Amino acid sequence: MRDGGGSGLVAHLPQDEWRRVQETGIPVRFAPRDVLLRQGDTTQHVHVVLAGCVKIVRSESDGSRAILTLRAAGDVVGDLAAVDLHPRSATVTALTTTLTRLLTGPQFRRFLTRPVFATGFATYTVGRLRTSDAQRTALAVLPVRERLVRALMQLYLESQRADGRPTIRLSQAELAELVGASRNAVVAELTALREAGIVATGRRELTVVDPVALSGRSHDLRTELGREPPVPG
């Protein structure tokens, strides 16, 4: 999971360069569960996420799949295929109402010829690799409760930014994939959160009722998010 503070490509570019990116290509709007990019496709376009949150999922030949990470406002998805021209390595799906700027492969590659953009993009890419390493470590050493709370808080914050709603549109099985745990373990933790009045669950969605209490379930979440959790109302 990525943190909730200022991050993404936007954090590594001067304002005028980021504005140039936002003014290139065409604006696209996705509803929750819409597919932005599909694994195996040979397209080369890139989505610059301006608002919302997406999940990146990789499917394997044996039928298994895993949610690799989440991306949110300021991030870029689809850039690997635009650079190496290989088929898409994962599927990207909107979790919230998501606004992007769609750049063609040539448009994106032209940006990479600009030194200021190339430098910022290289730093951003290294940051993504470090985040992936940290996520793998978290999956290996943190208990399910800690991983789930962190994921729910990130999803809650991104949902609030996207459409002002506290609803997370993921099934229990998808949450289990996201935090690298069994569905039974996640169901048990969600039951405890629901009984404490912290979340409410529905069909393929979850609502954070008390984000302050939710953040309190993680001993260092406030520090990791870089902000105090929002107070309801």
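Arg 58 is partly exposed, at 31% relative accessibility, where the class lies between buried (under 20% relative accessible area) and exposed (over 50%), computed with a 1.4 Å probe on protein chains only. Its partner in a salt bridge is Glu 60, with 3.2 Å between the closest N and O atoms; the term salt bridge requires a side-chain nitrogen of Lys or Arg within 4 Å of a carboxyl oxygen of Asp or Glu. Glu 60 is partly exposed too, at 40% relative accessibility.

The model is predicted, so local features need pLDDT of at least 70 and side-chain atom pairs count only at pLDDT 80 or more, whereas totals for chains, interfaces and linings use all residues. Residues are numbered from 1 along each chain as its sequence is written, and side-chain values use heavy atoms, with hydrogens and water left out.

Side chains of opposite charge can pair when their charged atoms come close. The structure contains nine salt bridges. One of them joins the side chains of Arg 33 and Glu 174, at 3.7 Å from N to O. This pair connects distant parts of the chain, 141 residues apart: Arg 33 sits in the loop between β1 (26-30) and β2 (35-37), and Glu 174 belongs to helix α6 (residues 172-179). Helices and strands are DSSP runs numbered from the N terminus, with helices being H or I of at least four residues and strands E of at least two. Arg 33 counts as partly exposed at 32% relative accessibility, whereas Glu 174 counts as buried at 6%. Both residues take part in a network of salt bridges that also includes Lys 55 and Arg 204.

Another salt bridge brings together the side chains of Arg 150 and Glu 146, at 3.1 Å from N to O. The two residues are separated by about one helical turn because they lie four residues apart in helix α5 (residues 144-163). Here Arg 150 is buried, with a relative accessible area of 14%, and Glu 146 counts as buried at 7%.

A nonpolar core is a set of buried Ala, Val, Leu, Ile, Met, Phe, Trp, Tyr and Cys residues joined through side-chain atoms within 4.5 Å. The largest such core has 29 residues, and Leu 152, Leu 155 and Val 186 have the most contacts inside it. Two or more residues each come from β4 (53-59), β5 (65-72), α5, α6, α7 (183-195) and β11, with α5 giving the largest share, nine residues. Leaving aside neighbours within four places in sequence, Leu 152 is in contact (heavy atoms within 4.5 Å) with Ile 168, Leu 175, Leu 190, Leu 193, Leu 206 and Leu 214. A second, separate core has 14 residues, among them Leu 9, Val 48, Ala 82 and Phe 117.

Strand β11 belongs to an open sheet of three strands, in the order β9-β11-β10 and with antiparallel pairing. The edge strands, β9 (167-168) and β10, each pair on one side only. Two strands pair if DSSP finds at least two bridges between them. Antiparallel pairing of β10 (residues 199-202) with β11 (residues 205-208) runs over four bridges, and Thr 201 stands opposite Leu 206. These two strands form a hairpin with two residues between them, and Arg 204 in the turn has a positive phi of about 55 degrees. On the β9 side, the antiparallel pairing with β11 involves two bridges, and Thr 167 has Thr 207 as its bridge partner.
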